[in-house]
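These are my notebook entries on a single protein chain.

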Amino acid sequence: ECALAEGGMLGEYSVELSVGATAERRAFVKTQAFKVEDYRKPDYSVEVTVDRERLMEGGDVEVMVEATYFFGEPVANAAVTLNQFALADIYYWDENDEFVWYESNNDSRSLMTDENGRVTFSVTAESWYYATVDWRTNLERSVRAVEATVNDGSQQAVSGFALYEVYNRDVKIKLDTDGYFKRPGSAFSLT
């Protein structure tokens with residue numbers, strides 16, 4: 001956490017951390033960009049839901065976005081931008097993060113809410129290059145996210161998201177021999 005100076009200006013900034021080399025490690029530099037903006041409490045909320053939380057790749061998932069003002073009225077005829085993401089394990093060392101969200105190859109969509117503050121659309125479920133694979137069954141699992149950002153014209157965008165899982169098979173079969181080693185010619189049970 002970093003406190004901004006009194007009277008600090010709005011805009012884009014960056015922080016750079018530089019650590020010199022020691023006998024145990026190489027020198028490195030890490031930079032993080034951030035924006036300082038006026039904060040205004042949102043006037044509405046965005047809820048994103050999917051009709052199925054698990055499905056086979058190639059199947060369609062129906063996504064519903066509903067935007068509602070906090071006083072109960074729908075956010076009608078508002079611009080909606082859709083983006084899709086895929087979750088993957090991080091394959092480099094970072095002590096704080098285990099996973100990272102990658103923006104998917106699917107193009108973003110621009111839609112509009114109806115008079116009830118809703119929009120519904122379908123997304124085709126795709127597996128992803130970094131799918132988690134169960135080495136015992138070869139079952140692949142991709143975690144996907146659909147993010148909808150709604151702008152009611154006040155230039156205050158509010159986002160919501162929903163998750164779903166994509167599998168390469170609809171059945172998982174697992175064989176248990178009650179251990180790894182068996183004596184040749186001896187009977188053993190399978191479950």
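**Entry 1: salt bridges**

I searched the whole structure for salt bridges and found four. I counted a salt bridge where a side-chain nitrogen of Lys or Arg lies within 4 Å of a carboxyl oxygen of Asp or Glu. Before going on I noted that this is a predicted model, where local features need pLDDT of at least 70, side-chain atom pairs count only at pLDDT 80 or more, and totals for chains, interfaces and linings use all residues. Residues are numbered from 1 along each chain as its sequence is written, and side-chain values use heavy atoms, with hydrogens and water left out.

I looked up arginine 40 and found its side chain in a salt bridge with that of aspartate 43, at 2.9 Å from N to O. For accessibility I took buried as under 20% relative accessible area, exposed as over 50% and partly exposed as in between, with a 1.4 Å probe and protein chains only. Arginine 40 is partly exposed at 41%, and aspartate 43 is partly exposed at 34%.

Next I took glutamate 66 and arginine 118, whose side chains meet in a salt bridge of 3.3 Å, N to O. Glutamate 66 belongs to strand S5 (residues 60–69) and arginine 118 to strand S9 (residues 118–124), so this pair ties together parts 52 residues apart in sequence. Strands here are DSSP runs of E with at least two residues, helices are runs of H or I with at least four, and both are numbered from the N terminus. Glutamate 66 has a relative accessible area of 22%, which makes it partly exposed. Arginine 118 is partly exposed too, at 35%.

I then checked arginine 141, which forms a salt bridge with glutamate 165; their closest N and O atoms are 3.4 Å apart. Arginine 141 sits in strand S11 (residues 139–151) and glutamate 165 in strand S12 (residues 157–167), so the pair ties together parts 24 residues apart in sequence. Arginine 141 is partly exposed at 31%, whereas glutamate 165 is buried at 17%. I also noted that Arg54, Arg141 and Glu165 are linked in a network of salt bridges.

**Entry 2: aromatic pairs**

How many aromatic pairs are there? I counted three. Tyrosine 44 and tyrosine 69 make an edge-to-face pair, with 5.7 Å centre to centre and 75° between the planes. The rule I used pairs rings of Phe, Tyr and Trp (its six-membered ring) if their centres lie within 6.5 Å; planes under 30 degrees apart count as stacked, over 60 as edge-to-face and the rest as tilted. Tyrosine 44 is in strand S3 (residues 44–50) and tyrosine 69 in strand S5, so I recorded a link between distant parts of the chain, 25 residues apart. Both tyrosine 44 and tyrosine 69 are buried.

The rings of tyrosine 69 and phenylalanine 71 are stacked, because their centres are 5.2 Å apart and their planes at 5°. Phenylalanine 71 is exposed, at 63% relative accessibility. I wrote down Tyr44, Tyr69 and Phe71 as one aromatic cluster.

**Entry 3: asparagine 168**

I found asparagine 168 in the segment after S12. Is asparagine 168 buried or exposed? At 18% relative accessibility it counts as buried. The side chain of asparagine 168 reaches the backbone nitrogen of glutamate 140 at 2.8 Å. I also noted the contacts of asparagine 168 (heavy atoms within 4.5 Å). Not counting residues up to four places away in sequence, asparagine 168 touches Met56, Glu57, Asn138, Leu139 and Glu140.

**Entry 4: the sheet with S5 and S9**

I traced an open sheet of three strands in the order S3-S5-S9, with antiparallel pairing. S3 and S9 are the edge strands, each pairing on one side only. Two strands pair if DSSP finds at least two bridges between them. S5 and S9 have seven bridges, in the antiparallel sense. Glutamate 62 stands opposite serine 122 in S9.

**Entry 5: whole chain**

I listed zero helices and twelve strands for the protein. Of its 191 residues, 27% count as buried. Among contacts between residues at least 6 apart in sequence, 58% join residues at least 24 apart.

Note on methods: Polar contact = N/O pair within 3.5 Å; in protein donor to acceptor, adjacent residues only side chain to side chain.
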